[in-house]
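Visitor: I have a model open and would like to go through its main features with you. Could you take me through what was computed?
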Amino acid sequence: MSPPRLIALDWGTSSLRAYLLGAGAQVLDSRTRNWGIQHTPDRDFARAYQLLIGDWLERWPELPALAAGMIGSRQGWLEVPYVPCPADERSLAEGLRVIDTGRGALHLVPGVMQGGARPNVLRGEETQVVGALALDPALRDDALLVLPGTHSKWASIREGRLVGFDTYLTGELFALLRDHSILGRPALESGAEASPAAFAWGLRMARDAEHGIADQLFSVRSLVLCGQLAPAHSLDYLSGLLIGEELRGALAGSAGSRALVLLGDPALCQRYRDALGQFGHAGVRILDNAGVAGLWRVAEAAGLLTDEVLRLA
């Protein structure tokens, strides 16, 4: 087994993942807790950090530690200023901020800000983008990376840099409509059931809409009232409408002809992969472990990794 070289953390809104990495970003060990920044016990980030990986810190105190995600946001442990877009691993490395954890230094990765009349930000996804380019250098020339989630990101890559991105609140809109609108009531009362057919139906409705889905959302309820859609399947239909609207907008114009790759949660990526098939993009590739590869690449660019072989205790 390769000796450990880096402790890497993905510390987001809902979860905390820690990786003990060997040479070439080989995962030697990993741990996960539901201790995202909104759920960290007593908001004591230092204690959560030590509880999760204290034994790693004890055994290998010389290891550099790096964290990406919302832990570096205004609501996190230390707010790390965004770096401007375009961005790459070098600019992210230059924007690192260091915090004293009580058990050594932790380097926090900055997010990326896109200026202009319609400013945009991302935090956490930048490491997945960097990792994707490390895993598949062919993407560096010209690609569109899709990162589904609560706030889906569509990242534009040219000449090895993140040159622009768009944000779609698809996941958040789904949760709001499901939990706080009349549209979610039928499924919540009857019990929701998965329905690929209902999901595909919603996708087609959004795909074929000339002016968006604002006048179609009520069909989630009216189709149930008319007996054409089972209440238990109505949420999958709603999901299809919302994801379909995201894809319809994101793929408009020249974006649809570029190389597409999905990054992130495997189940959600598969859902988007199926959806993209309805929009003429069959077999879009899902790239695994991009976040880990990105954390390694940023650490490498920052000079945190050395060639010294670390002794296993």
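Predicted model: local features only at pLDDT ≥ 70, side-chain atom pairs only at ≥ 80, totals over all residues.

Visitor: Which are the buried residues of α6?
Guide: They are Ala198, Phe199, Ala200, Gly202, Leu203 and Ala206.

Visitor: What should α6 span?
Guide: Helix α6 (residues 196–207) has 12 residues, so at 1.5 Å a residue it should span 16 Å, and its end C-alpha atoms are 16 Å apart, which agrees. The expected span is 1.5 Å times one less than the number of residues.

Visitor: On to sheets. In what order do the strands of the open sheet come?
Guide: The order is β5-β8-β9, 3 strands with mixed pairing. The edge strands, β5 (83–84) and β9 (120–122), each pair on one side only. Two strands pair if DSSP finds at least two bridges between them.

Visitor: How do β5 and β8 run, parallel or antiparallel?
Guide: They run parallel, and 2 bridges join β5 to β8 (residues 112–114). Val83 has Val112 as its bridge partner in β8.

Visitor: And which strands form a hairpin?
Guide: β2 and β3 do, with 3 residues between them, and Gly24 in the turn has a positive phi of about 70 degrees. Strands β2 (residues 16–22) and β3 (residues 26–33) run antiparallel and are joined by 7 bridges. Gly22 stands opposite Gln26 in β3.

Visitor: Now charges. How many salt bridges does the structure hold?
Guide: It holds 16 salt bridges, each being a side-chain nitrogen of Lys or Arg within 4 Å of a carboxyl oxygen of Asp or Glu.

Visitor: Which side chain does Asp55 meet in a salt bridge?
Guide: Asp55 meets Arg31 (2.6 Å, N to O). That pair links distant parts of the chain, with Asp55 in helix α1 (residues 45–59) and Arg31 in strand β3, 24 residues apart.

Visitor: Is Arg31 buried or exposed?
Guide: Arg31 is buried, with a relative accessible area of 19%, whereas Asp55 is partly exposed at 42%.

Visitor: What about Arg258?
Guide: The side chain of Arg258 meets that of Asp142 in a salt bridge (2.6 Å, N to O). Arg258 lies in the loop between α8 and β13 (259–263) and Asp142 in strand β10, 116 residues apart. Arg258 counts as buried because its relative accessibility is 13%.

Visitor: Last topic: where does Ser73 lie?
Guide: Ser73 lies in the loop between β4 (65–68) and β5. With a relative accessible area of 4%, Ser73 is buried. Leaving aside neighbours within four places in sequence, Ser73 is in contact with Ile37, Leu78, Glu79 and Arg123.

Definitions and conventions: Residues numbered from 1 in each chain as written. Heavy atoms only, no water. Helix = DSSP H or I, 4+ residues; strand = E, 2+ residues; numbered from the N terminus. Buried < 20%, exposed > 50% of the residue type's maximum accessible area, 1.4 Å probe, protein only. Contact = heavy atoms within 4.5 Å.
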